[in-house]
Amino acid sequence: MLRRLATLLGFRDSISFGLVVAIVFFGTPVDSTWAFAPDEDLTARAAVLMDAATGKILYQKEPDLRLPPASTTKVITAILTLESGRSFQETLPVSKEATRVPASKLYLRPGQSVTIQELLYGIMLASANDASMVLAEGIAGSVERFAELMTKKAHDIGATNSNFTNPHGLTAADHYSSARDLAIIFRYAMKNATFREIVQTKFSSVSTTAVVRKKVVPRRISVRNHNRLLWNFDGALGGKTGYTHAAQKCFVGAVQRNGTTLIVAILGARDQWGDTKRLLEYGFDNFDSLKAPPLPAGKATSSEQQVGVRGDRLSALGAPSTEKDLAQPTDGFILQVGSFRERARAEILLRQINEKGFDAFVEQTIVKPSETAYRVRLGPYRELVAAQETAQEILSKSGHRVMILPIQAAQSSRGDPS
């Protein structure tokens with residue numbers, strides 16, 4: 001049959017035809033990014049991709065469908081605990097009811113005492129259901145009252161399509177959320193420095209104590225973060241997994257690359273990590289087109305006007321030496337939020353940072369003879385402490401990590417842009 005088809009197509013023999021077929025099907029490189037179609041390739045019942053800086057939804061699939069959220073519930077449990085005003089070193093007793101909850105758990109024992117801080121690491125890294133119960137009972141007096149506070153907090157921050165009846169996420173009637181709400185909740189949570197520190201931790205241990213024959217006996221439980229992105233996905237900032245038979249696989253988390261932070265939320269997935277990674281790569285690869293429509297030709301943006309003003313302060317850092325360069329400060333520090341090959345991407349980030357109240361600017365730099373970089377920067381700052389405080393404030397308000405560069409290093413910097 002191959003010989004007949006080759007003859008019909010004008011090939012002298014089937015071998016020549018076979019070589020052509022092999023080249024077409026096996027010799028052509030496949031671009032996995034272009035091959036990914038979110039609406040077709042996601043196994044999740046619902047998904048949202050959000051720009052963390054603005055809260056804008058970049059992609060959505062059934063974003064408001066009410067679904068069981070499994071252990072992603074514990075994000076709102078952590079928020080309530082962190083905002084309760086209780087000392088992290090305060091110990092809470094473990095009740096019999098808390099120990100009876102199904103796994104996953106730390107296998108706490110009645111009569112033990114655990115600090116709030118240890119319990120937070122237990123729920124966010126090991127997804128411990130018993131630790132969630134201890135927090136709910138200790139913070140609010142009962143699981144029912146804590147669940148009411150969870151729902152109220154979610155509604156207060158804009159996650160109005162959620163209702164919680166327990167602190168751990170095990171399947172229960174009227175316990176539901178949505179992909180949009182999970183993204184909103186996680187975006188809010190990441191503004192808390194302690195929460196960010198916890199979800200970025202790969203390994204830890206939980207210390208507990210129990211009274212045995214009138215003696216306090218210590219016990220340590222090793223915990224490992226269930227979020228695989230921390231090990232194998234560039235820029236992962238943290239997240240929370242979830243699974244029950246009813247909910248299937250769930251995840252909500254944040255990833256940052258080149259000054260852009262994306263939040264992803266998926267519910268009801270069969271391929272948890274495949275969905276998450278493909279959706280994030282799709283977001284980073286197509287961020288500009290997803291973020292904003294193209295500007296009308298010939299119309300300058302406000303950020304272009306700002307570049308012309310603010311860029312004058314350090315515009316010569318990467319340019320050949322001139323008299324103006326000699327007047328620039330030689331000690332102090334510069335903050336760099338991102339570096340890009342395309343000016344448009346730098347200006348998008350510039351707008352985000354300026355909207356948060358920071359006086360940022362774009363600096364054009366020659367990286368190579370034929371390559372230009374556009375860097376979003378702030379400063380200069382005379383004192384390192386001032387630079388560090390501003391960097392932390394930027395991270396807190398916008399989710400963007402900041403590089404602190406000595407001015408001399410900034411002037412000689414030639415790192416490749418994104």
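## Q352 in helix α17

Q352 sits in helix α17, which covers residues 343-355. The model is predicted. The relative accessibility of Q352 is 6%, so this residue counts as buried. The cut-off for buried is under 20%.

Leaving aside residues up to four places away in sequence, Q352 touches D51, A53, T54, F287, K291 and H400.

Helix α8 runs over residues 129-140. It has 12 residues. From first C-alpha to last, α8 reaches 16 Å, close to the 16 Å expected at 1.5 Å a residue. Just after α8 comes G141, with a positive phi of about 95°.

Nine of the 12 residues of α8 are buried, so the rest of the structure largely encloses this helix. The buried residues are N129, D130, A131, S132, M133, V134, L135, A136 and I139. Their cover includes α5 (74-82), β3 (91-93), α6 (96-99), α7 (116-125) and α9.

## Packing of α8 against α9

Helix α9 spans residues 143-156. The axes of α8 and α9 lie 8 Å apart, at an angle of about 90°. The two helices are therefore roughly perpendicular to each other; angles of 65 to 115 degrees fall in that class.

On the α8 side, the contact uses M133, L135, A136, E137, I139 and A140. On the α9 side, V143, R145, F146 and L149 meet them. By class, this contact holds eight nonpolar residues, two charged ones and no polar ones. M133, L135, A136 and I139 are also among the buried residues of α8.

## Nonpolar cores

The largest nonpolar core has 63 residues. Within this core, V75, L106, M124, I185 and F195 touch the most other members. M124 touches K74, V75, A78, F195, I198, V199, N225 and K240, again not counting residues up to four places away in sequence.

Another core lies apart from the largest one. This other core has 24 residues, including A47, L49, W273 and Y282.

## Helix α13

Helix α13 covers residues 272-285. Its 14 residues should span 20 Å at 1.5 Å a residue, and its end C-alpha atoms are 20 Å apart, so the two values agree.

α13 is mostly covered, with 10 of its 14 residues buried. The buried residues are Q272, W273, G274, D275, T276, L279, L280, Y282, G283 and F284. Of these, W273 and Y282 are among the members of the 24-residue core.

Technical notes
Residues numbered from 1 in each chain as written. Predicted model: local features only at pLDDT ≥ 70, side-chain atom pairs only at ≥ 80, totals over all residues. Heavy atoms only, no water. Axes fitted to C-alpha atoms, helices over the stretch in contact; angles between N-to-C directions. Helix = DSSP H or I, 4+ residues; strand = E, 2+ residues; numbered from the N terminus. Parallel < 35°, antiparallel > 145°, perpendicular 65-115°, else oblique. Contact = heavy atoms within 4.5 Å. Nonpolar A, V, L, I, M, F, W, Y, C, P; charged D, E, K, R; others polar. Expected span 1.5 Å × (residues − 1). Buried < 20%, exposed > 50% of the residue type's maximum accessible area, 1.4 Å probe, protein only. Core = buried A, V, L, I, M, F, W, Y, C linked by side-chain atoms within 4.5 Å.
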